[in-house]
Amino acid sequence: MQALEPGTPVRVRRMMPPGHVRTPAYLRGKTGAVERVLGPFGNPEQLAYGHTPDRLPLYRVRFRLGDVWPDAATPDDTLDAEIYAHWLEAL
Amino acid sequence: MPHDHHDHAGLSPSGHPYREDQDNSLSYWQAMEIAVRELMIEKGIVTAEEVAAQIDAMDARDPSQGAAVVARAWTDPAFRERLLADGSAASAEMGFDVGPMKLIAVENTADVHNVVVCTLCSCYPRNLLGLPPDWYKSRAYRSRTVREPRKVLAEFGLTLPENVTVRVHDSTADMRYIVIPARPDGTDGLDEAALAELVTRDSMIGVGVAKTG
């Protein structure tokens, strides 16, 4: 999997799979940009059940508060979260 | 007979309400933890002493190691660079056990204020700061800090000017975060140990600032 460069605009996939998922529901479907590349780290969705995990890039993605919450009082404040590669699509 | 006086039902002799006993039955997960722990001890994988020692080690940690890291960053520009580039490596360099998680240090400046939260659970840089405060684990702090960070900070007594950008860090996965608060003005004459005294736990979570003296 090609690593996404810092600054790349990305959207968090809008999936609702069951299980141990570390992608917060409030960020699904939201658009941000890669802040830095981390990892690779084992996929927690497999690790949590004792499976041998895929090693995935982990990204710190920076969102504008206004892109997460349409009614944000200070839309230009930011929110950074760590999102695994398979949850992101480059825009 | 002083103990015959029962007019104030439910109040202690000094007039305070009694707290209800917390003798609810175990939750599913509490029962699971006890079962797994007892099985592991029974099978000889760990001993009860090892479990107790690990709990003691967790309880013994406090924010002083984090404060020492911040004070070093304030006084040593090269260390500050290394800390911002790789928080775990820089902390290990000071002899601190950083654990399996990776540490990211984020720095407060004249233009940026950082605050840390874990919306999914209670991820916290325990190795450097000790156990998280109860409010850090509350649903209110976890849900509101990502939604209305400035309101939450104001409730902690920290009102930031509009020209300062607030950056919220949600510890969702393998990283742990420590905020490097801004060094207070008027502290030029202080050495590293005296500076570390100014670095509060809350300032390293980002809900406060360093003490001024």
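The model is a predicted one, in which local features need pLDDT of at least 70 and side-chain atom pairs count only at pLDDT 80 or more, while totals for chains, interfaces and linings use all residues. Residues are numbered from 1 along each chain as its sequence is written, chains are lettered from A and ligands numbered from 1 in the order in which they are written, and side-chain values use heavy atoms, with hydrogens and water left out.

Strands (E, at least two residues) and helices (H or I, at least four) are DSSP runs numbered from the N terminus. S3(A) runs antiparallel to S2(A) (residues 31–42), joined by 7 bridges, and Arg55(A) is the bridge partner of Gly42(A). Another 7 bridges join S3(A) to S4(A) (residues 78–84), again antiparallel, with Leu58(A) opposite Tyr84(A). Two strands count as paired if DSSP finds at least two bridges between them.

Turning to the interface, 22 residues of chain A are in contact (heavy atoms within 4.5 Å) with 24 residues of chain B. The area buried between the two chains is about 2,000 Å², with 49% from carbon and sulfur atoms; this is the accessible area (1.4 Å probe) that two parts lose on being put together, summed over both. Across this interface there are 2 salt bridges, each being a side-chain nitrogen of Lys or Arg within 4 Å of a carboxyl oxygen of Asp or Glu. S2, S3 and S4 of chain A each supply at least two residues of the side that touches chain B, and S4(A) gives the largest share, 6 residues.

Over all chains, the structure holds 20 salt bridges. One of them joins Asp71(A) to Arg147(B), at 3.2 Å between the closest N and O atoms. Asp71(A) is exposed at 55% relative accessible area, whereas Arg147(B) is partly exposed at 33%. Within chain B, Glu192(B) and Arg72(B) meet at 2.8 Å; Glu192(B) lies in helix H9 and Arg72(B) in helix H3, so the pair ties together parts 120 residues apart in sequence.

Definitions and conventions. Buried means under 20% relative accessible area, exposed over 50%, partly exposed in between (1.4 Å probe, protein chains only).
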